[in-house]
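Please look over the sequence and the model shown here before reading on. The paragraphs after it go from the overall fold to particular residues.

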Amino acid sequence: MPNYFFFRPPADDPAFAFQAPAWDDQGDGLASNYYAHSCPGVEEIARAVLEEAVGRDGRVGASLLRLHFHDCFVSGCDGSILLDATPELQSEKAATPNRNSARGFEVIDAIKAAVERECEGVVSCADLLAIAARDSVVLSGGHPWEVLLGRRDSLEPNFKGANTDIPAPNSTLSQLIAAFANKGLSTADMVTLSGSHTVGFSRCSSFTQRLYDHQRSGSPDPDLDPELLRHLQRLCPRGGDANAIAMLDVYSPARFDNSYFANLQLRRGVLSSDQALLTVLSPSSSSENLSEDSLVSGVLVEAYAYDESRFLEAFGEAMVKLGSIAPLTGDRGEVRRDCRVVNSDEQ
């Protein structure tokens, strides 16, 4: 039976040659060839495990891409989201943005186990999550990029940060701009990375208010396309299952393409935070810089909707920037043997 939710390119697709543009090594100690001598086959091992996982569960690629984003946006790309709770510490998995929605942990476990058999104690969980995010995009038809490697794993989760730093699905444009700026990412990066919603699903609880009581008005969001509104109301009726899911891109949910941006132009963004990218902020209601940023956002949405190649290339560049947020390198952190627990807590 064909896998509807995830596009699988032909085996001879040139994307699988991974001839991506090389990125310069970063001053933070990350490098694309970090494991060239210590574990040269790490990316091939990870990709093989991921391909099997995608064959079983077509949603898991988008889930891993989301995991990487949620990992990096808290304390940096340190694998902290992978840690289970302990009697002393709450897991980021239990934070509001992740609870009942973060998934794919068992795939990272499988990748880690396969890599450990080949290169014991060498490759961090944070790096494996970054590799899996890239390969998930490629498996769904996106362009490859070289992942910078050399991160180490955190020694504890950051439950509070997971609740405060990850943008909410009802964020306004001003809130999105501020949240990304706090991580050293530009408005252009924010728009580009939002394009990851061209694949994946969202729970009804993340957007139901738009369907029935937008901004406590008692009415649906007027910025939501009427056809999409009816579709979402059927999936998410009043009083229905809050954990039911809807495709973020109803037109090409299995392919990593630019249709997300075309959908926004047609008022077919499922989340408020998606449709917010076309908000125009006036200087009278915001700072002059925010007003200019809203123009950048709108211009990029239009550009990406028109030119898919431009979006796919820019997405790889933005993912390299995302993956470089506050990594632990040198002697900071550790290389976990089990991604779910720090080494000192292993039984």
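Predicted model: local features only at pLDDT ≥ 70, side-chain atom pairs only at ≥ 80, totals over all residues.

Residues are numbered from 1 along each chain as its sequence is written, and side-chain values use heavy atoms, with hydrogens and water left out.

The protein has 13 helices and 2 strands; these are DSSP runs numbered from the N terminus, with helices being H or I of at least four residues and strands being E of at least two. Of its 347 residues, 54% count as buried, where buried means under 20% relative accessible area (1.4 Å probe, protein chains only). The protein exposes about 15,700 Å², and carbon and sulfur atoms supply 50% of that area, computed by the Shrake-Rupley method with a 1.4 Å probe. A contact is defined by heavy atoms within 4.5 Å. Among contacts with a separation of 6 or more, 76% come from residues 24 or more positions apart.

The loop between α5 (159–164) and α6 (173–181) contains Pro 167. UniProt, in an unreviewed entry, places the feature "binding site" at Pro 167; such annotations may be inferred rather than shown by experiment. Neighbours within four places in sequence aside, Pro 167 is in contact with Phe 69, Phe 73, Leu 176, Ala 179 and Phe 180.

Ser 171 lies in the loop between α5 and α6 as well. Ser 171 counts as buried because its relative accessibility is 7%. Its side chain reaches the backbone oxygen of Ala 168 at 2.7 Å, a polar contact (a pair of N or O atoms within 3.5 Å, one able to donate a hydrogen and the other to accept it). Beyond four places in sequence, Ser 171 is in contact with Leu 176, Ser 272, Ser 273 and Ala 276.

Helix α7 (residues 187–194) is mostly covered, with 7 of its 8 residues buried; among them are Met 190, Val 191 and Ser 194.

Leu 277 is one of the residues with the most contacts inside the largest nonpolar core, which has 77 residues. Apart from that core lies another, of 13 residues, including Cys 204 and Leu 211. A nonpolar core is a set of buried Ala, Val, Leu, Ile, Met, Phe, Trp, Tyr and Cys residues joined through side-chain atoms within 4.5 Å.

Methods. Buried < 20%, exposed > 50% of the residue type's maximum accessible area, 1.4 Å probe, protein only.
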